[in-house]
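Have a look at the model first.

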Amino acid sequence: MGIKQVRALTTTLPSVTWIPLARAHAERADQMTAGHRARRSTGEKHAIEDFLYDYYGTRPSLLRRWHPGVGAGLAPAPDGLAEHAGLKFYLTHPDGVVTLDVDAFLHARGESVRYIHGLLTATASRPVFSGCFGLHEWAMVYREPEHRHELPLRLGQDGTDKVVEQHTIRCTHFDAFRFFTPEAVGLNRLQPTRATQVDLDQPGCLHAAMDVHKWAQKLGPAVPGALALDCFALAGEIRLLDMQASPYDLASYGHPPVKIETPEGKAEYVARQRELARRAAGLRSRLIRVCEELLGPEAAARNREAVAPFNQR
């Protein structure tokens with residue numbers, strides 16, 4: 001626990017405010033992760049929801065921990081300092097107010113903060129592209145007899161392959177593209193890499209929208225608890241559409257397919273995709289503000305200038 005001089009705060013929360021907030025946050029997080037935690041105790045798999053935990057490395061114990069976020073302080077409770085005083089990246093001021101130690105956080109994670117800020121800023125600058133129809137999931141099983149999920153393909157292997165061959169594949173997101181089967185890689189109009197992610201990520205992409213949860217986790221205690229859970233909740237909704245529009249048959253989970261191989265299915269997909277993109281844009285903007293509060297106005301402006309050549313591409 002460090003003792004430093006008081007730095008400017010946006011607000012200081014009294015204990016009668018922040019203690020109920022922390023409790024409500026933990027309860028909400030527990031409700032959101034209850035199914036996963038129950039399945040984990042029995043080893044049961046879930047083809048839709050496990051992605052949020054396995055791929056994103058989400059830990060329910062960390063998700064339920066409330067943080068006030070950068071720029072907020074926690075006044076002492078009647079029984080002592082806020083428990084955050086003992087957590088990494090927090091410091092205690094002489095008056096007992098506990099805040100995020102921005103200097104220590106930037107020293108440890110400054111490079112990540114600048115990268116996240118640049119990526120989110122560039123992504124937010126672009127228009128929504130809604131012509132991909134979720135075909136990335138189809139490209140992940142194209143001409144491949146073994147699949148990631150133990151679920152049947154709605155159209156069988158041959159039918160699935162035909163859908164891929166009858167459409168233009170335009171996946172912009174590297175973390176989806178890297179799971180394409182070898183036969184599908186050359187069918188993608190783009191060849192995204194990690195190095196070109198800032199250049200290519202666009203706000204209509206389901207995976208780029210789900211990644212608000214990823215970036216909220218990376219920013220850790222700098223992110224207010226409500227924002228962190230909002231990002232996780234939206235990622236769950238996006239993941240459901242991602243799988244409903246996939247070639248997998250989700251009947252065993254009680255979810256109807258979004259048949260993107262039909263005009264009606266395409267229309268449903270685009271409508272839901274655009275609404276999810278709209279909501280993700282709001283969360284992305286809030287994460288950008290977190291980054292800018294961490295960096296400060298001058299450093300944030302320099303970072304914006306650094307990614308400006310990638311904007312609107």
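**Helix 4 and its partners**

Helix 4 passes helix 12 in a left-handed crossing. Keep in mind that this is a predicted model, where local features need pLDDT of at least 70, side-chain atom pairs count only at pLDDT 80 or more, and totals for chains, interfaces and linings use all residues. Residues are numbered from 1 along each chain as its sequence is written, and side-chain values use heavy atoms, with hydrogens and water left out.

Q: What makes a crossing left-handed, as with helix 4 and helix 12?
A: The near helix has to be turned anticlockwise from the far one by less than a right angle; clockwise would be right-handed. Helix 4 and helix 12 get the left-handed label. As for what counts as a helix, it is a DSSP run of H or I with at least four residues, numbered from the N terminus.

Q: Why are helix 4 and helix 12 called oblique?
A: Their axes, from residues 102–124 and residues 263–295, cross at roughly 140 degrees and come within 8 Å. Angles under 35 degrees count as roughly parallel, over 145 as roughly antiparallel, 65 to 115 as roughly perpendicular and the rest as oblique. Helix 4 and helix 12 are therefore oblique to each other. The angle runs from 0 to 180 degrees between N-to-C directions, with axes fitted to C-alpha atoms over the stretch in contact.

Q: Which residues make the contact between helix 4 and helix 12?
A: On helix 4, they include Val102, Phe105, Leu106, Val113 and Ile116; on helix 12, among them are Leu287, Ile288, Cys291 and Leu295. Contact here means heavy atoms within 4.5 Å.

Q: How do the residues of the contact of helix 4 with helix 12 divide?
A: Into twelve nonpolar, three polar and three charged. Ala, Val, Leu, Ile, Met, Phe, Trp, Tyr, Cys and Pro count as nonpolar, Asp, Glu, Lys and Arg as charged, and the others, Gly among them, as polar.

Q: Which residues meet where helix 4 packs on helix 13?
A: Arg114, His117, Gly118 and Thr121 of helix 4 meet Ala300, Asn303, Arg304 and Val307 of helix 13. The set splits into two nonpolar, four polar and two charged.

Q: Why is alanine 280 called buried?
A: Alanine 280, in helix 12, has a relative accessible area of 0%, so it counts as buried. The cut-offs are under 20% for buried, over 50% for exposed and partly exposed in between (1.4 Å probe, protein chains only). Not counting residues up to four places away in sequence, alanine 280 touches Ala209, Val212 and Leu234.

Q: What makes histidine 173 buried?
A: Histidine 173 sits in the loop between helix 6 (156–165) and helix 7 (174–177), and its 1% relative accessibility makes it buried.

Q: How do you know that histidine 173 and aspartate 201 make a polar contact?
A: Their side chains are joined at 2.9 Å. A polar contact is a pair of N or O atoms within 3.5 Å; within protein, one must be able to donate a hydrogen and the other to accept it, and residues adjacent in sequence count only if both atoms are side-chain atoms.

Q: Why does threonine 17 count as partly exposed?
A: Threonine 17 is in helix 1 (residues 15–42), and its relative accessibility is 32%, so it counts as partly exposed.

Conventions: Helices (H or I, at least four residues) and strands (E, at least two) are DSSP runs, numbered from the N terminus.
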